[in-house]
Structures are given as C-alpha cells and as structure tokens.
Amino acid sequence: MLLRTAISTFLCLLSLTSIVFVARLYRRNNVSSSTWVPSFAGQHVQPCPNSLEWLLPLDLTYPIKYARRDIIIEPNPQAKRQPVTKLLGPLFPNFQIVDLTDQTKVQLKDCQDPLVLRVSARNRPADVSHVIFGISTTLERLDDSIPSLLRWLPNTSAKLFVIAIKDDDVPDDAKDRYHPADAKEMSELQSRMRNLGLDVTIVHPLSKHDWFSQRYFSLVRVLYEHREPSTQWISLIDDDTFFLSMPALVDMLSRFDPEERFYVGALSEDWWSVARYGMMGFGGAGIFLSITLAEIVNSKYKECQERSHTSAGDIRLRECISWYTRTKLTNILDLHQVDIHNDLSGIYESGRQTLSLHHWKGGGPDGKGYPLHMMHLVADICGDCFLQRWQFDNDMLLTNGFSIAMYPQGGLKAVDLDMMEETWDHPSVVEGSFNTNGVDHSLGPTRPKLTLGEDKIQYRLRDSTAVNGTVRQTYFKAGVGGDHDTVLELVWMNPPQPSSE
C-alpha cells in the first residue's frame, strides 16, 4: 500500500514538473500556446472544402499550387497585441496542385485542423460621439470613398461634415474658385450615405470665393458651430484617410485633456516635407483639435483666412495656431500621412499598431493602390488584429490582411522584425541632415530592403470576402520561371457556440 502511494506521488510530481518545464520553455522562447486547439463539444469544423468555385472570378491561370487553413479566434480581455507572436508548427499543410479549368470540384488530400489564435477582445463598436470629423472634397471623390468610410465610421456615434463642390476646374480669371455641387445631387448622396449608417451632413463652402486651402481651413468653423455639449475634439481628415481601429483611436485621444489646448496629428514620414513645410500635422494622417483650441481658432477665423496665403489647408491651420497660441503639435507616430511612394510593404508589414493610413487609393508596385476597405474586412472577426503578425517555425510570417512571407535565405533568424523594412523609394535628401534615409524621425528604426524572390517570398492579399459569418482571405504569388501560381487561403471565424443539447 505504501509502495503504491509512493509511486502515485512520484508520478504526480513528475507530471507537475513536466507541465512547469513546458510552460517555462514556451515563455522563454516567446512562443504562444495559441496553437493548442480546444475541443468544442458538439461542434465540427470542416477544414477541407470539396469545391473551390469562389476562385473562378479571380482570373487565375491553372493549374495552381494551393493550400488552406481555418483560423478560429479566441478573444481574451487580457491579451495584448504584440509586434509579433511566435507559434510552433506550420501555418499550412503541404501545397497541392489544383486545376479548375474543367470543374470546381476538388479533393484536398492534406488538411490540418483549425488553428486557434488568441486575440485581444476589441471586436466591439467604439463610442466616438465626442469627436466630429470634417472633409473638404468633391461629390465624386466622396462617393468613391463610401466603401472605406463604411469600414470605420458606422456604429460609433461620430458625426461627419463634408464641404463638397463639383470640381476645381475653373478658369484662373474667374471670380468663383470652383464649380458648386448641385443641391439635388448633394441631397441624394447624403440620403444614400445615411441609409448606409453614415451620420454625414454635406454642405456647400462658406464662401464661393474660397480656394481649396480656404475651404479646408473653414472646416474648423463648420465643425465648431455644429459642436454638441459632448464634443471634445474636432478632426480634419482627407477623403482617403482610413482609421484602422476606432477603439485604439479613442484610447489615444483619452491621453489628452480636451479642456487644454491640444493640436494632435502627425508629421510627414518624409523628412524633406517636414523641413520644407514645418512641424505641423499633415492633413491626410488626421488632425485633432481639442475643443478648447478649436474655440480659439474659430474666434480668429477671419484674421487667419485673410492673413494666410498658402495653397495648403493644413499649413493654413498650422499658421493660425502658431499666430494666436503657443500650442505646438503633439506628434503621434501611429498616425500616418504616407508621403513615401511605390512599395509600402514595409509599413504594412511592420506589425506596429497603426491608427491611420493615407494615400492608399493609388501607388504601390503595380500602381493599383491598397484596397483597405477589402483588406480590413478581417477586423469584423478579430477586431484589432488587422495587420497583426504571427510567425511560424517554418520561417513563414503572416501579416493579417496584407501578406504571407517566407524567408528562405537564413530564415527569420537573420531578420530583425522590430525594424521596418525600407521597401519604398528613397525620399528626397535634406542637405546637411543627419536623417540620412529621410524617415528615421517617423518610421525608424529601419532595415535595408530584401530582394523579393530570393531573400523574401511574398504572397500578397488578392481577395477578401465575408462568407456566412466568416472572412475568407486569398493570398497570391505569381509563378516564376515556369513554376505554377500559388494561392494560399485563410478562413477566419469566431469560436463555435457550445451545443444546447
């Protein structure tokens, strides 16, 4: 009897020691345990479809290499978004050759169980009723911006006011500075946007003689005059300003007392632009004035409109603030003007918590821009996880909603993921400046650009679609040298609900 008791005690101690050892091993290597897939009673997740008909509209060249993985999120209030989360095991099974030329029915041979990823519990609407946003643009550009506005403005109680014109195409000798928008078209667009859940009010410019910079500056008066008792901030943005997380934006603003004078925004990422235009908030990143500062600017509205002669609205705003207050810019690194060009993979793949992005409608290596309204769709499932990074032990890095990358030359051990990769065109040099790469003040620390196809193999997001409460992402890389094109799919879903039986 004593021998049995001793053996049982020894085995229990051995098991406990093993558990502690494994836990410490995970902690020491910064490896997440979120690959442990929980068992959901009474539920079955089918990771292998028998048809891939949704690939047909993507105009792929068959046959292709294909792999797929389902991802179940695990919201955790204690979980904080990390720059990169390291996971044991591969993200995908082995690639399989798929040919949909004649039929969409397939038999996938190698599927893995769903991957469970722990994310912060931020998939909730934010109360932004204390902020009023303003845009100055044309009716056509505003209409084009509806898909992106629908990603961040609805269900926040935030109001948007738009100063709209038809276009700026008027002769230089004309008295008017723009072609006014048709009142009926304004009303119809406003109604359509409101029916979509956007609390927008479209108005004519305050003066028919205002240039663009004057119309932009007049947003301060429009927003201030439409303030409510709960209004704490007014925000001037562009029609292509995109906020990635409204809860995170609210958290940022909560650090500042709106009863004080605050001018919150971001410098350009391009040091040449900062050197030329000054220490100001660049408009596309989003500019936030505390209601106390907005009151002062509004009171000096006429003087500032007459005194300033700049052609840029954000410069006119900075001038007015500097003329009549001692308030300086509070620079927020996570707001992005994006004044750098060509391949912006370095910004999108940085893993940093980004609050805003700008200039995404155009540019990029293919000139087609970055369709943020489509890329951001995964946030409906996992909240702040858009552009979050997960590293897998086969040297694969997932940047959610943007890319999946492999690092064959030495693997990720040779890459410092805390540094942003300089994938963009080198900005103009400021003579005599120690900011030699032109972005250290905003995007640093940085590392040199890797050679695609050699040091880094990148699968870019090609499509993202909401399907029956899930979000299906399709990542793509074109084949080179006679190799097949590759398609990688991730299907993001919420945890299955326990059976009621």
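This is a predicted model: local features need pLDDT of at least 70, side-chain atom pairs count only at pLDDT 80 or more; totals for chains, interfaces and linings use all residues.
Colleague: Where does Pro-90 lie?

Modeller: Pro-90 is in the loop between β3 (85-87) and β4 (96-98).

Colleague: And how far is Pro-90 from Gln-112, in sequence and in space?

Modeller: The two are 22 residues apart in sequence, and their C-alpha atoms are 9.8 Å apart.

Colleague: Why is Pro-90 classed as partly exposed?

Modeller: Its relative accessible area is 36%. Pro-90 is therefore partly exposed, because that class lies between the buried limit of under 20% and the exposed limit of over 50%.

Colleague: Let us turn to Leu-219. Is Leu-219 buried or exposed?

Modeller: Leu-219 is buried, because its relative accessible area is 0%, and buried means under 20%.

Colleague: Which helix holds Leu-219?

Modeller: Leu-219 belongs to helix α6, which covers residues 219-225.

Colleague: What does Leu-219 touch?

Modeller: Beyond residues up to four places away in sequence, Leu-219 touches Gly-134, Ile-135, Ser-136, Phe-161, Ile-163 and Leu-236. As for Phe-161, 58 residues separate it from Leu-219 in sequence, and the C-alpha to C-alpha distance is 8.2 Å.

Colleague: Now the strands. How do β6 and β7 pair?

Modeller: Strand β6 (residues 131-138) and strand β7 (residues 159-167) are parallel, with seven bridges. Thr-138 has Ile-165 of β7 as its bridge partner.

Colleague: What about β7 and β9?

Modeller: That pairing is also parallel: β7 and strand β9 (residues 200-203) share four bridges. Within β9, Ile-202 is the bridge partner of Val-162.

Colleague: And in which sense do β7 and β8 run, parallel or antiparallel?

Modeller: They run antiparallel, and two bridges join β7 to strand β8 (residues 179-180). Here Ile-165 has Pro-180 of β8 as its bridge partner.

Colleague: Stepping back to the chain, how many helices and strands are there?

Modeller: The protein chain has 14 helices and 23 strands. Of its 501 residues, 53% count as buried.

Colleague: What share of the contacts joins residues at least 24 apart?

Modeller: The share is 74%, taken among contacts between residues at least 6 apart in sequence.

Colleague: What is the accessible surface of the protein chain?

Modeller: It comes to about 24300 Å², and carbon and sulfur atoms contribute 51% of that.

Note on methods. Residues are numbered from 1 along each chain as its sequence is written. Side-chain values use heavy atoms; hydrogens and water are left out. Buried means under 20% relative accessible area, exposed over 50%, partly exposed in between (1.4 Å probe, protein chains only). Contact means heavy atoms within 4.5 Å. Accessible areas come from the Shrake-Rupley method with a 1.4 Å probe; for residues, only the protein chains shown count as cover. Two strands pair if DSSP finds at least two bridges between them.
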